[in-house]
Amino acid sequence: MEKQYWQSLEEYKELNKPTVLEHKESQPEFSIEGLDESEIKGQSSRRDFLKMLGFSVGTVALVSSCQMPIRKAIPLLNQPEELIPGVPNYYASTFYDGNDYCSVLVKTRENRPIKIEGNDMSKITHGGTSARVQASVLNLYDDARLKDPRKREVETDWKTIDRDMMMKLEDMAKAGQKAILLTSTIISPSTRELIKEFTATYPNIEWVQYDAVSYSAIRKANELHFGQAIIPSYHFCKANVVVSFNADFLGNWLMPVAFTKQFSSNRKLTNGNKKLNRLYQYESRMSLTGANADYRYGIRPSEESAVLMNLYNEIAKATGGQTNGSHTTTVDVKQAANDLLANKGKSLVVSGTNNLQIQLIVNAINHLLENYGETLDLTRPINLKQGKEADMQRIVKEMNTGNIHGLFVYNINPAYDYADAGAFVSGMLKVPFKVAFSETCDETASLCNFVCTTNNYLESWDDAEPIQGSFSFTQPTVRPIFNTRQFQDSLIKWLGLKVDYSTYMEEYWKAMLDQHQEDTGDFTAFWNKFKHDGVIHHDFDKTDQPKFTNQNLSAQKPSKNGFELVLYEKMSIGTGKYTNNPWLLEMPDPITTATWDNYVCVPVRYADENGLEHEDVVKVNGEMELPVIIQAGQPEGTVSIALGYGRTAAGKAGNGVGKNVFPLMNFKGGYYDVAGNTVTIEKVSGKKYPLALTQMHHNMEGRSIVRETTLPKYKENPSSGNEQHLIDDKNNVTLYQKIDYDGIHWGMTIDLTSCTGCANCVIACQAENNVPVIGKDQVRKRRIMHWMRIDRYFSADPENPDVYHMPVMCLHCDNAPCENVCPVAATNHSNEGLNQMAYNRCIGTRYCINNCPYKVRRFNWYEFVNNNKFDYNMNSELGKMVLNPDVIVRQRGVVEKCSLCVQRLQEKKLQAKMENRELVDGEVQTACSQSCPTGAIQFGNLKDENSVVVQNNKEERMYHLLEHLHILPSTSYLTKVRNKEA
Amino acid sequence: MIIKGFVSRNPWKLQGFFVIFLFLSSLLFSLPSFSQTAETETNFAICKACHTIGGGKLVGPDLKGVTEKYDEAWLVKFIQNSQALIDAGDPAAIKVWEENSKIPMPPNPQLNEEQVKDIILYIKNDGKIAASEIAAGEDETKTPDEVQVEETDAHKLLAEMKQEDARHMKTTFIVMIILIFISLFDLIVTKIVKWRWIHTIIILISLTIGGEVIFVEATSLGRQQYYQPDQPIWFSHKVHSGQNQIECEYCHFTADKSMHAGIPPVQVCLNCHNQVKEGKITGTEEIAKIHDSYNNGKPIEWVKVHNLPDHVYFNHAQHVNIGQLECEECHGMVEEMDQVIQVEDLSMRWCIDCHRITEVQFASNRFYDHYKQLHALIEKGEKSSVKVVDIGGEDCQKCHY
């Protein structure tokens, strides 16, 4: 029987109904929920008539009294040399928010940052970004940002703050009263030096680092095994086999951008390469990494250590090591073990569970497989995530006993995201002197006496050392918009130093120069190069890995009872730092395609047995009400809920969205873990909660959309899985003349084998093309405005399905069906193969939307800019500063869609003309292809025989979406190949 | 501020004008065709801000005869960096400096020795083209002035005619409305004229003419041809660009780099007005506004004359650099305008018309090597030249995105 693909469980059920005809008829109808009565019936009332009348008269009056507005042209007083109005400048900088690291280029226009791109020169992130990095520019223009420092909730100036602060610091030091400096993990060497200096001057202050989601078990395990409490650097690129246990390393685990780059470098079948790496994923929820796995196994969190121990025993048996006692589990590890053994030194086992027992077994397996020094490097540790639960537990206890007299909080929000937030808050109330360094008045800052407003990272100076020996530079790309001062400058001020932080940093680096280059003569040249490149990477000689000392390993007995809860960070908003970022709130989750909410993902079988339906409301642990999504691939006996929601002091977009589940974290042991708590689920009968999913929007009616094969089949026959392409090619006849382009024909290829579906491109596109945010209600009405979407399909078994991701944007068909139905020729074809859309000609008939087989066109149902009904970023002066001035903001009533970033094409063409040369392949990039961390999206000129897109189109895997229609899209897809036997 | 001359365009008149204009401007700009001279003229533009050749003293001394007075090597050094000479204690340099109220001449490190020597030659020739090349250009040296005078007259005449036209149109429209009312009144109430077909014909004709007026007026809505707003400073392009012959790109220096030609920052004004504090026409009042602006840190809020709608992307660098258009071709004879007036209507038809007739630098720019089929056609002789329209100059998304 042919493999069946389905987009949602509803569809799966429909597909499995007896006849196809019946299925067609019973397709779920367009939901009219939420529409007004009159909107549904298309009636207009007397009031509507009067409204229309008034509007017409008003328009006539307006037009007849027409006076053009006076537009001002205001030049600068002094124009800096590098600033030319209308020409973008790019600055190398570093994105680091306390959790994620990414080396970036910041595009500024007229000195304001408008777009983040990846920095190709980085040896860690290699020019990749994530959705959060892309969206971080919007945080700079967040209305929730504080405009002045605050003293007891009243705005004040820095002089007052400094005076009060220095007095208090002196007093506390003299009295020997203990104070805590509580920060996120700090990876900046200069800041660490500064904090050291600060705590040396005020020895009563203790510095503690804190992470909302902890990784301390990895550090502890390495301390026990190797004597060093570190996180090694991982080389997924060197591993032929990766076995991952609940580590969502393509989504959120540790350094997702870097790992996605590394992992996908071995997921390419272009240029004659016939090798793929293989990924085994054992996990307790459907994660993005699981969706991309070749073999995926669902396990309960309590089962993980037993599964790992079985894997260890298998490998130990083969290598002659000592086996340990274990328990039987539901999943098989033999195949993974054999694959690992066959790839000794070229494999990698990782676990994302913050549990010492588990991390010890993982280390032991990697040791048996001789992976240290190959795919794992302990000599270049990752400096992220240095927080320890023990420290936090201790200071919370001390705070509650009243031993702490001062608390300084920087870049974190423990009053919201600490697992035992209640204890933290009650402790905080007992601390008399509290200072927050924060951009917004978040949950923690609002409990503090003083709020020292800090700069956004785009306004700050800093350095970073994410991995030992790899340095990264942060430079301001805009002057502080508000009366803010970066954390480091405050510390410097209170130390009584007369420098600013950039000078402090420079001095620090000057002193360290001999560590970075032999010739220490010219510091300025070194410094300028660092600022220009944004990164320094030192290649060390291969040093020996530290010695491995055996530890006792043990496995927990899997529990069979109740629901085990798995909390996770969403690809979009993470741990809650971005909950007020409307772009990220509206980003469809790559797995559930849900926007704007968190929810309980329940297993399919449980839902069937207990009559749970999509959007039903359940009570978690008898108190927290959350809606339900029935998630294919959710392992039996588990439920999962996203962190980061339910904030009360995030800002206008994020307040009150979803529920806060940090209190449900498993914090019984010494290690806080997102998984493992047992919860009860209880249906609230009769209650529904609407969710805005983009899932059923774009149903492609079961045609041959995603094409896939397995590696052995592909090796045998490169066209396997793509046989339909040959048939369609043969049968295609057309009345239309084939267009012959001269010179330039823009085209794109999307390799489904490489694409992980991370949705970074969606946000990159939104930032580049001024795509509006429309809010949950509008998304529910299937009106989401994103120019590109990631279609997600499942196939086979709903309890452990194969998952497919497919980015779809306008494919720019040569025989475009939208073009010949437009009554006003607002959409037509350019001489470069673009299906162009002239917004000003569009009258909004939407015939094109109806006739587009890919459903990639979007209609502006409302004016989304300057409209307070859409209170996100486009209605505020500050929020509008993120708009790309090269792209128009579309008005109400017109259709819009992907333009292949025509503004970027035109810019590069002009540049080539000015430099009197032809375009070079790879020079012209769309926003999506530029930012793609996997290189799945490639863009170029189809008329250039040597371009990557032409080479990709020659692959046997190449096909067009719905190619039987013979509409000749300029974008083609390459079949998905999974590295699976059979 | 009210838009002056809010009138529609007459395509026939304008096209005629356009042809004359192109012809005249081609006469004008065929003159500086020698590369060395053109470059020297550009370089000399900086000097012009303070010096004349035979036109009397401005900030700096009249340069006439300066080449006889000093030897070339000294002049080169002085032009490149006068302050260095003065500091070194050169007596001649100190003398010049003291004679000119100790206002130092700014150094010109951007000019190499060769270029400075060319400038000296240029001064020697009284601001005309280099000696060896005089013969070639002599016949036409007098034409520019005459042409410019004609050109300006044509502008003013046209603008007046347009305003006259508009008045006529409004009158016609009102007359037509009155005629319709009278006929209707007679038809229904007074019934003086017995033949009803007369009423019908009058109404029909009036409707046609009135409709035509509405159509013409409606197409010009939102356009601002002949828009000439008052500016916050009475700045005269005629004085700067016309009389002082300062190149457009001296002030609008981003025109060849960016989409915006750029309104010059105040600091550019001060390059000259640091020293020139009194104007011939406005005295000190207007120039003082520049100093006020700079000293108070408040930029000058100029009124934008040439406005394109938001949905139009226009790039100056593209047109100046690649299209090699002269500023005058779109902005008119700005050097003859005291207050800048928008000469063209900046309508889409006007853009497209130009795209249809303008040839692309197809052979000289390597970018166009992409277009292999067009090159083949040219080689075969089937096509003589490539117009903008041939490479997509009529496509929507070349300008609208």
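This is a predicted model: local features need pLDDT of at least 70, side-chain atom pairs count only at pLDDT 80 or more; totals for chains, interfaces and linings use all residues.
Figure 1. The assignment divides chain A into domain 1 (1-74), domain 2 (86-215 + 384-515), domain 3 (227-267 + 274-382), domain 4 (563-693) and domain 5 (718-978). Chain A has a mean pLDDT of 87, with 94% of its residues at 70 or more. Residues 19-34 of chain A have pLDDT under 50 throughout. For that stretch the model has 12 contacts beyond four places in sequence.

**Figure 2. The contact between chain A and chain B.** Chain A contributes 42 residues to the contact and chain B contributes 50 residues. On the side of chain A that touches chain B, the elements giving two or more residues are β2 (72-73) and α27 (902-914) of chain A. The largest share of this side comes from α27(A), with six residues. Sorted by class, the side of chain A that touches chain B holds 21 nonpolar, 13 polar and eight charged residues.

**Figure 3. Pairing of β2(A) with a strand of chain B.** Strand β1 (residues 302-303) of chain B pairs with β2(A) in the antiparallel sense. Two bridges make up this pairing. Within it, W302(B) in β1(B) is the residue opposite A73(A). β2(A) is also one of the elements that give two or more residues to the side of chain A that touches chain B.

**Figure 4. Chain B and the setting of E212(B).** Chain B contains 18 helices and one strand. It has 401 residues, of which 21% count as buried. Of the contacts in chain B between residues at least 6 apart in sequence, 71% join residues at least 24 apart. E212(B) belongs to helix α10 (residues 196-219) of chain B. Because 14 C-beta neighbours lie inside 10 Å, E212(B) is classed as partly exposed. I198(B) is 14 residues from E212(B) in sequence, and the two C-alpha atoms are 21 Å apart in space.

**Figure 5. The contact between domain 3 and domain 5 of chain A.** The C-alpha centres of domain 3 of chain A and domain 5 of chain A are separated by 36 Å. The contact joins 13 residues of domain 3 of chain A to 13 residues of domain 5 of chain A. On the domain 3 side, α9 (256-264), α10 (288-291) and β13 (295-298) of chain A each supply at least two residues. Of the elements on this side, α9(A) gives the most, with four residues. The side of domain 3 of chain A that touches domain 5 of chain A consists of five nonpolar, four polar and four charged residues.

**Figure 6. Strand β8(A) and the strands paired with it.** β8 (residues 178-183) of chain A is mostly covered, with five of its six residues buried. It pairs in the parallel sense with strand β16 (residues 404-410) of chain A over six bridges. In this pairing L181(A) stands opposite F408(A) in β16(A). β8(A) also runs parallel to strand β9 (residues 205-209) of chain A, to which five bridges join it. Here the residue opposite I180(A) is E206(A) in β9(A). Between β8(A) and β9(A) the chain passes through helix α7 (residues 189-201) of chain A, and this β-α-β crossover is right-handed.

**Figure 7. H126(A), a non-glycine residue with positive phi.** The phi angle of H126(A) is near 50°. H126(A) sits in the loop between β5 (112-118) and α5 (131-140) of chain A. H126(A) counts as buried because 20 other C-beta atoms lie within 10 Å, and the cut-off for a buried residue is 20 or more.

**Figure 8. A759(A), a non-glycine residue with positive phi.** Phi of A759(A) is about 70°. The residue lies in the loop between β32 (746-751) and α24 (760-768) of chain A. A759(A) has 26 C-beta neighbours inside 10 Å and therefore counts as buried.

Terms used:
Residues are numbered from 1 along each chain as its sequence is written. Chains are lettered from A and ligands numbered from 1 in the order in which they are written. A residue is buried if 20 or more other C-beta atoms lie within 10 Å of its own, exposed if 12 or fewer, and partly exposed in between; C-beta atoms are placed from the backbone. pLDDT is the predictor's confidence in each residue, from 0 to 100. Two residues are in contact if their C-beta atoms, placed from the backbone, lie within 7 Å. Ala, Val, Leu, Ile, Met, Phe, Trp, Tyr, Cys and Pro count as nonpolar, Asp, Glu, Lys and Arg as charged, and the others, Gly among them, as polar. Two strands pair if DSSP finds at least two bridges between them. Domain bounds come from an automatic or database domain assignment. A crossover is right-handed if, with the strands pointing away from the viewer, the path from the first strand over the helix to the second runs clockwise.
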